[in-house]
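I opened this notebook to record, step by step, what I looked up in a structure that was new to me. The entries go from the whole chain to single residues.

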Amino acid sequence: MMITKKSPSLSLYSKTKVDSYWEVRSSGQMESPWFDNLRHPLRFNSLDQNISVDVAIIGGGIAGITTAYLLSRSGKSVAILEDGYIGSGETGRTTAHITHALDDRYYNIEKKKGPTNARLAAESHTAAIDFIDDAIREERIDCEFERLNGFLFLDKSDKESSLERELKALRNAGISKATMINDSPLESADISPCICFPDQAQFQPMRYLTGIAHSMNTDKEVQIFTETHAQDIKRAETDSIIKTDKGHTVTAQSIVLATNAPIVDKVSKIYDKQLAYRTYAIAARIRKNSIPLALYWDTGNQKLKDHVKAYHYARIQKTEDKNFDLLIVGGEDHKTGISINKNDFEARFKRLELWMRKIFSLKGPVVYAWSGQVMEPLDSLAFIGPNPGKDKNIYIATGDSGNGMTHGTIAGIILCDLIQGKDNPWANLYRPDRKIK
Ligand SMILES: Cc1cc2nc3c(=O)[nH]c(=O)nc-3n(C[C@H](O)[C@H](O)[C@H](O)COP(=O)(O)OP(=O)(O)OC[C@H]3O[C@@H](n4cnc5c(N)ncnc54)[C@H](O)[C@@H]3O)c2cc1C
């Protein structure tokens, strides 16, 4: 990855004009670093005729692409319809921590869903990390995938007892390798005590999507269409029909809505069960090897009444520059629609920068700033499976919280099984028609 030279000034945080076609198609106006070394967006032909397939997938982010990848291996014919380019939604905006350390905490999941379900959740996220690792090896994808430790440490508003509670819940859930450590993994700030999660991962998400998409595109069973907006779905008992904005149709036995936020919501009422949050991210130049390579998360601001206690997350991205890497930090989340004032928007970026400079003793310039949206389910687990209501052959994947890399992968695994009529051990846990008390 090359580092683009941008001004480190506050103006980086106050962009008001949309510059590129890419940004128009995405959920925010500023770009993440992931597109820098991808000279061309992941663009395929747009749909220009009527077609018929076994499965039509709307959305070309990690959930849609993983589902298509697995279905193609099972012999199903698949069409992906993507409004923008592959990855131009939230997957191109992620910070790509790949982890089973769920940001809603296992003690909450255990309390809300019971110990068996907390264990299933842990098992599914661990399996998703392994799935990504295996797919990268099998398809020989060069996407800077690394296994590394993750460290969960206390926000200043939080107490040590919350880490102890989480460690206990982790053990109950079968994450037995997580340990409490009393020596700070950082020299720049004492973040001890913290929970260390071994064997987590990170990658360059756009390179991963590119690799998976290209591995499928050689396969005649998968057709990928970009700049193709799914406008309408006409449901039927056997074959449903998607109509695109250009008037073409895709007839399919099954349809997967991998659109991050559901686009067919009247019946499913998923919006009653999850909340949309905006999250912010910045990246700064750091001297190579100046910060230990790991994932870092704080436990979030406990004083907030919000469903999600806004927390900070950080990782390092190696670059081709011989002197510098990038430190990527995110957080300062808020419910969408409540913070649309431009000053508040800038203030959130500025607070993120202050946190970054404090925890990592950062001196270098901030060179990227962007934001995106995450869907936060009220019971902390994604909604993956048949769309609630009468739709028999329409499936959804949403509510992936700050764990969309693993939730998107879990969606691919579950939906591939369900579409083939197979049982899946996690399907019940994530079923979209579950009641939330
Ligand atoms: C700043 C930020 C940091 C994050 N950090 C992390 C992290 O560190 N780890 C982690 O696990 N998760 C993280 N997440 C969450 C994660 O990025 C997302 O949950 C995940 O990328 C969602 O993937 P997806 O495939 O469901 O959706 P998307 O990637 O958004 O894909 C959905 C696609 O559907 C397309 N679409 C929508 N409607 C239509 C239509 N009608 N017709 C055709 N196409 C349509 C969109 O164009 C889009 O490309 C982060 C998110 C943000 C914003």
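What follows are my entries, each on one topic.

**Ground rules.** I noted before anything else that this is a predicted model, in which local features need pLDDT of at least 70 and side-chain atom pairs count only at pLDDT 80 or more, while totals for chains, interfaces and linings use all residues. Residues are numbered from 1 along each chain as its sequence is written, and side-chain values use heavy atoms, with hydrogens and water left out.

**The whole protein.** I looked up the secondary structure and found 9 helices and 17 strands; these are DSSP runs, numbered from the N terminus, with helices (H or I) of at least four residues and strands (E) of at least two. Of the 437 residues in the protein, 59% are buried, where buried means under 20% relative accessible area, exposed over 50%, and partly exposed in between, with a 1.4 Å probe and protein chains only. I then looked at contacts (heavy atoms within 4.5 Å): among those with a separation of 6 or more, 74% are between residues 24 or more positions apart. The accessible surface comes to about 18600 Å², and carbon and sulfur atoms hold 48% of this area; areas come from the Shrake-Rupley method with a 1.4 Å probe, and for residues only the protein chains shown count as cover.

**The ligand.** Which residues come nearest to the ligand? Of the 35 residues around it, I listed E82, E90, T91, T95 and M405 as the nearest, a residue being near when one of its heavy atoms lies within 4 Å. For polar atoms I used a cut-off of 3.5 Å between N or O atoms; within protein, one atom must be able to donate a hydrogen and the other to accept it, and residues adjacent in sequence count only if both atoms are side-chain atoms. A polar side-chain atom of E82 is 2.6 Å from an oxygen atom of the ligand. From D400, an N or O atom in the side chain lies 3.1 Å from a ligand oxygen, and A96 brings a polar backbone atom to 3.2 Å from a ligand oxygen. On its own the ligand has 1000 Å² of accessible area, and the protein covers 95% of that. The elements that give two or more residues to the shell are α2 (62–73), β10 (249–260), β15 (366–377) and α8 (404–419). I also noted that the shell divides into 11 nonpolar, 19 polar and 5 charged residues.

**The cores.** I turned next to nonpolar cores, meaning sets of buried Ala, Val, Leu, Ile, Met, Phe, Trp, Tyr and Cys residues joined through side-chain atoms within 4.5 Å. The largest has 76 residues, and I57, F203, Y208, M216 and Y430 have the most contacts inside it. Helix α4 (residues 115–139) is the element that gives the most to this core, with 9 residues. Beyond its neighbours within four places in sequence, Y208 is in contact with I62, F131, I132, A135, I136, I141, C143 and F203. A second, separate core has 29 residues, including C196, I282, I316 and A369.

**I419 in helix α8.** Is I419 buried or exposed? I419 lies in helix α8 and counts as buried because its relative accessible area is 12%. Not counting residues up to four places away in sequence, I419 touches V55, L71, K76, S254, V256 and Y395.

E227 sits in the loop between β7 (222–225) and β8 (230–234), is buried at 16% relative accessible area, and has a side-chain polar contact of 2.9 Å with R43. I found a cis peptide bond between S192 and P193, with omega about -5°; P193 is in the loop between β5 (179–181) and β6 (194–202). Phi is positive in R140, near 50°, and in E144, near 55°; neither residue is glycine.

How values were computed. Ala, Val, Leu, Ile, Met, Phe, Trp, Tyr, Cys and Pro count as nonpolar, Asp, Glu, Lys and Arg as charged, and the others, Gly among them, as polar.
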